[in-house]
Amino acid sequence: MKHMLRFFIGISVFILSLSDAWADGGILFKSQRDFLASKGLTFDLHAIEDYVSVYKGGLLDKDTWLGRFDFVSELDLEKAGLLKGGLIHLDVFNAHGGLKPTADHLVGDLQTVSDIEATRSTRIYEGWFSTNLFENRFSVKFGLIDLNAEFLVSDSGNLYINSSLNLAPSMWINNNSAAIYPEPAPAVRLKYSPNENFDFLAGFFQGDPLNSDVNAHSTHFGNNEGLLSIEEGQYHYKLPFAGGLAGTFKSGFWYNSRDVHDDSSVDGNYGAYAMLDQRVFQVSDTEGLNVFFVGGGAPKDRNTIQQSQAAGFNYTGLIPGRPQDVTGVAFTNASISNKMRVATGQDRNETVYEWTYQIQINNDIHVQPDIQYVVRPNGVDSTKNASVFMVRMEIHF
């Protein structure tokens, strides 16, 4: 319970200090931000704090907390009078908390219960330049990029806290988390949008950005890590019935020239995935029910995860008088490859069920209680199923 007390006391002090700072100088600060924005320069500060408690099962029945603080700045080169369609983006974050034992050491899971868990450090998260061409039909982005900011993105899956509900584990686990949070990679992303219904993306990333022990600040770029390429097609549509409810279908293919498991008997690695995000019931533009599905697969002869599936549904505005609150129920399953079980010591698949409720205090503060039930953590039969209680607080200012 001491971590829970630290979590809530720290958050309360943080909010009070922000309120005092805003009362003392908020008007002047806002006017300065508005002036800079008119010249193309914007910046955003936001914090995410998670309290995690393993109520039962897993490896340890304990609690902990972890957090992330981001400073994000963008320069619109067109507004600055420098380059039409140009944009420079910089995100620097500090990962903190995660006092030992960390959340993954408590649960022992493969699909980590918190998507912000990272080695404590201050590092460049993303830093890139992008430009739009041919009346915004074509765009190019290059620099330090998080693959999951561009590819494998489900708007509905973004609600959840578990790491695998917006990113197929058949992709991120089999690539040792290459090019995603917290270790993005040098990359080039190309995007072609012939009309409002279709987008085609291609990305070329360093195959292994090196782990945080070697690359603690995202400033060390090694050699001979191979190339991770990914291509994705997106179709945005409205159903020809039921009032034209909106949906998006995405599918893609990835290839990593680096042998992830250092097995000389196989050459490279690859996989495919598909995603569906569909509104199925609508009360208003914001209120209604969405369903989503994410599935992926990879060759069983060289990968820990042979296939993965995730699905769920979200309802916005379920409680009267709370039109912007979102509640959701989902599951994610990662199936261990039959061929890899002997080498890894794993037995079968790992399945996680998650219920969450995001409460919007105002436009800048969200509080999100969350319950996860992890069946067979890390795919090991001898590890007890874990019941995990979490509270997330997110603040933008």
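Phe 249 sits in strand β9, which spans residues 246-256. This comes from a predicted model. Phe 249 is partly exposed, because its relative accessible area of 36% falls between the 20% limit for buried and the 50% limit for exposed.

Phe 249 belongs to a nonpolar patch on the surface.

## The chain overall

The chain has 397 residues, and 50% of them count as buried. Its secondary structure comprises four helices and 16 strands.

The accessible surface of the chain is about 18,800 Å². Carbon and sulfur atoms account for 59% of that surface. Contacts also reach along the sequence. Of those between residues at least 6 apart, 62% join residues at least 24 apart.

Strand β13 covers residues 326-336. Nine of its 11 residues are buried, so β13 is largely enclosed by the rest of the structure.

β13 pairs with strand β12 (residues 305-316) in the antiparallel sense, over 11 bridges. In this pairing, Ala 310 has Thr 332 of β13 as its bridge partner. β13 also pairs with strand β14 (residues 350-360), again in the antiparallel sense, over nine bridges. Here Ala 334 stands opposite Glu 350 in β14.

## Val 188 in strand β6

Val 188 lies in strand β6, residues 185-195. Is this residue buried or partly exposed? Val 188 is partly exposed, because its relative accessible area is 32% and buried means under 20%.

Leaving aside residues up to four places away in sequence, Val 188 touches Lys 141, Phe 142, Ala 202, Gly 203 and Phe 204. Take Ala 202 from that list. Val 188 and Ala 202 are 14 residues apart in sequence, with 8.3 Å between their C-alpha atoms.

## Aromatic pairs

An aromatic pair is described by the distance of the ring centres and the angle of the planes. The count here is 14 aromatic pairs. One of them joins Phe 93 and Tyr 125 in an edge-to-face arrangement, 5.5 Å centre to centre and 75° between the planes. Phe 93 lies in strand β3 (residues 86-97) and Tyr 125 in strand β4 (residues 121-133), so the pair ties together parts that are 32 residues apart in sequence. Phe 93 counts as buried, at 1% relative accessibility. Tyr 125 counts as buried too, at 8%.

Phe 198 and Tyr 235 form a stacked pair, 5.0 Å centre to centre with 20° between the planes. This pair links distant parts of the chain. Phe 198 is in strand β7 (residues 198-206), Tyr 235 is in strand β8 (residues 227-238), and the two are 37 residues apart.

## Back to the patch

Phe 198 is partly exposed, with a relative accessible area of 33%. Tyr 235 is partly exposed as well, at 36%. Patch membership calls for over 30% relative accessible area.

Phe 198 and Tyr 235 also share one aromatic cluster with Phe 200 and Tyr 237.

Conventions: Residues are numbered from 1 along each chain as its sequence is written. This is a predicted model: local features need pLDDT of at least 70, side-chain atom pairs count only at pLDDT 80 or more; totals for chains, interfaces and linings use all residues. Side-chain values use heavy atoms; hydrogens and water are left out. Patches are made of residues with over 30% relative accessible area and no salt bridge: like charges are joined within 9 Å, nonpolar side chains (Val, Leu, Ile, Met, Phe, Trp, Tyr) within 5 Å. Accessible areas come from the Shrake-Rupley method with a 1.4 Å probe; for residues, only the protein chains shown count as cover. A salt bridge is a side-chain nitrogen of Lys or Arg within 4 Å of a carboxyl oxygen of Asp or Glu. Buried means under 20% relative accessible area, exposed over 50%, partly exposed in between (1.4 Å probe, protein chains only). Contact means heavy atoms within 4.5 Å. Two strands pair if DSSP finds at least two bridges between them. Rings of Phe, Tyr and Trp (its six-membered ring) pair if their centres lie within 6.5 Å; planes under 30 degrees apart count as stacked, over 60 as edge-to-face and the rest as tilted.
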